[in-house]
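Work through the exercises below with the structure open. Each task is followed by a solution in steps.

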Amino acid sequence: FRFIKSKIHSRKPSPALIKSIKEKIRIAPA
Amino acid sequence: MAMKKDATYYDKVFEEEFLPHLDALYTFAFHLTYNEDDANDLVQETYLKAFRFIDKYVEGTNAKAWLFKILKNAFINQYRKQSKQPNRVDYEEIVSYHDEEDTTYSSYMDLREEMFQQMMGDEVTTAINTLPVDFRTVILLCDVEGFTYEEIAKIVDIPIGTVRSRLHRARNMLKEKLSEYAKKFGYQDKRIEKKDKQNH
């Protein structure tokens, strides 16, 4: 039953999301 | 001697300890929102917040659980914003406890689930996605991401006993929803079968 896992599909974010995150943290204060 | 933590150090932590969890965070965000744009926004907000508070993060500790907690809180706040309730300040979002039940965002989710249900053909996927969000969350965190009960308790801000009871109820709800579908594939709930045998 734990069938359930096979039905919860993992999803890939678009490369644009990674690019956007990296760009934004460059201008964000750490 | 304490190591000096400069921008290069934080960049390294971000790249090596935070970014590897991007796919898992996106999958979780998508199954909370059912919308690619909303999932993108949630993940981006999570990473920006994590970077802003990176000095609070202790290298080598559970980065994944910390990021999931930030995302879960961002998700809850998103629906507070929708209903024009006052927002929490950033730092509180990361360290404070949330109310266990929030009927405002629960009712909002019902509407989204109804829309999503109409789009989905697969009965099983639909059954999972129509679980109330609190129950779907613990299934995702436990069965998909493999978090321990203790980690889930910290991410969702509920006692461990509540994690166990939510998992139990969520799985039972799924079994009820899927019982007809499952029989076609030879699955059967042995607890019911055993009870039937004992009663005859």
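**Exercise 1: a covered helix**

Helix 2 of chain B is mostly covered, with eleven of its twelve residues buried. Buried means under 20% relative accessible area, exposed over 50%, and partly exposed in between (1.4 Å probe, protein chains only). Helices (H or I, at least four residues) are DSSP runs, numbered from the N terminus. This is a predicted model in which local features need pLDDT of at least 70 and side-chain atom pairs count only at pLDDT 80 or more, while totals for chains, interfaces and linings use all residues. Residues are numbered from 1 along each chain as its sequence is written, chains are lettered from A and ligands numbered from 1 in the order in which they are written, and side-chain values use heavy atoms, leaving out hydrogens and water.

Task: Find what span helix 2 of chain B reaches and which residue follows it.

Step 1. From first C-alpha to last, helix 2 of chain B reaches 16 Å. This is close to the 16 Å expected at 1.5 Å a residue, where the expected span is 1.5 Å times one less than the number of residues.

Step 2. Among the buried residues of this helix are B:Phe28, B:Phe30 and B:His31.

Step 3. B:Tyr34 follows the helix, and its phi is positive, near 60°.

**Exercise 2: the salt bridge between chains**

Task: Which residue of chain A forms a salt bridge with B:Glu15?

Step 1. A salt bridge is a side-chain nitrogen of Lys or Arg within 4 Å of a carboxyl oxygen of Asp or Glu. Across the interface of chain B and chain A the rule finds one.

Step 2. The partner of B:Glu15 is A:Lys22, with the closest N and O atoms 3.5 Å apart. B:Glu15 lies in helix 1 of chain B and A:Lys22 in helix 2 (residues 15–27) of chain A, so the pair joins two chains.

Step 3. B:Glu15 is partly exposed at 40% relative accessible area, and A:Lys22 is partly exposed at 26%.
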